[in-house]
Amino acid sequence: MKRVLLKLSGEALSGDKGFGFDEATCMMVAKQVKKLVDDGVQVGVVIGGGNFWRGRSSENIDRTKADQIGMLATVMNCIYVSEIFRAAGMRTSVLTPFECGNCSKLYSKDRANKYFERGMVVFFAGGTGHPYFSTDTATVLRAVEIEADVILLAKSIDGVYDSDPAKNPDAKRYDKISIQEVIDKKLQVVDMTASVIAMEQQMPMYVFSLNEEDSIVKAISGKFNGTVVCVKED
């Protein structure tokens, strides 16, 4: 693979704390991404903001404002993790769809491609820049725009199941499933808007656990342990 987009949940980066950052977890991610970069893979990163803010849980704040707070949470996450990546020996850049002072550069496909060609890890912060769209949607949108080979979804669960394994001990994991089936069965790999874009633009996804050792590296090295969400049914 030449180019991948890695989606990390904010909660996953908080480790056992459930809030904020766990530096050991972030460094673990950085060391894995460094292996990909050293092998010549271009890596883009999207990070959710759930370790700081989940606006939909508040009934007292206007949805647009709540989503804007969430966008800023993703900016904080990307700035922090990009610095951890730099400490691990990588060059990074943070791009946002809105002006954010000198904290980031304004996103454009051309700018992202320029940074990729320089061997930099590119962080896509701030979601889509608009309310009512999740970081799932931003992930698929950026992956399509930069022509990524695949989206790597690093989650707290090791793949896609037919039901919630936390509630159903008999839940079965799919080794491979089409995005159409994900939509039809409402399996919530990513939200519905993101799922439809992935289906229409034929963007595959690998879903795996961030907690498994070297799971990010394994996802593209042939030792994948998770679920392949393919664009077409067999």
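Modeller: Nine strands form an open sheet with mixed pairing, in the order β4-β3-β5-β2-β1-β6-β10-β11-β9. Strands are DSSP runs of E with at least two residues, helices are runs of H or I with at least four, and both are numbered from the N terminus; two strands pair if DSSP finds at least two bridges between them. The edges are held by β4 (105-106) and β9 (176-178), each of which has a single partner strand, so one side of each is left without a neighbour in the sheet.

This is a predicted model, in which local features need pLDDT of at least 70 and side-chain atom pairs count only at pLDDT 80 or more, while totals for chains, interfaces and linings use all residues. Residues are numbered from 1 along each chain as its sequence is written, and side-chain values use heavy atoms, with hydrogens and water left out.

Strand β3 (residues 92-96) pairs with β5 in the parallel sense over four bridges, and L95 stands opposite F124 in β5. Helix α5 lies across β1 (3-8), β2 (42-47), β5 and β6 (150-155), and runs at about 175° to β1. That angle is taken between N-to-C directions on a scale from 0 to 180 degrees, with axes as lines fitted to C-alpha atoms, for helices over the stretch in contact. The loop between β5 (121-124) and α5 (135-145) contains Y132, whose phi is near 75°, a positive value in a residue other than glycine. Y132 is exposed, at 52% relative accessible area (exposed is over 50%, buried under 20%, partly exposed in between, with a 1.4 Å probe and protein chains only).

The largest nonpolar core has 34 residues, and L8, V29, F85, F123 and L152 have the most contacts inside it. Such a core is a set of buried Ala, Val, Leu, Ile, Met, Phe, Trp, Tyr and Cys residues joined through side-chain atoms within 4.5 Å. Leaving aside neighbours within four places in sequence, F85 is in contact (heavy atoms within 4.5 Å) with residues including V29, V45, V121 and F123. Another core, of 31 residues, lies apart from the largest one and has Y107, F116, I183 and V189 among its members.

In helix α7 (residues 192-200) the buried residues are A194, S195 and A198. They lie on the same side of α7, because they cover an arc of only 100° around the axis, taken from the directions from the helix axis to the C-beta atoms. These buried residues pack against α5, α6 (179-184) and β10. Just after α7, Q202 takes a positive phi of about 55°.
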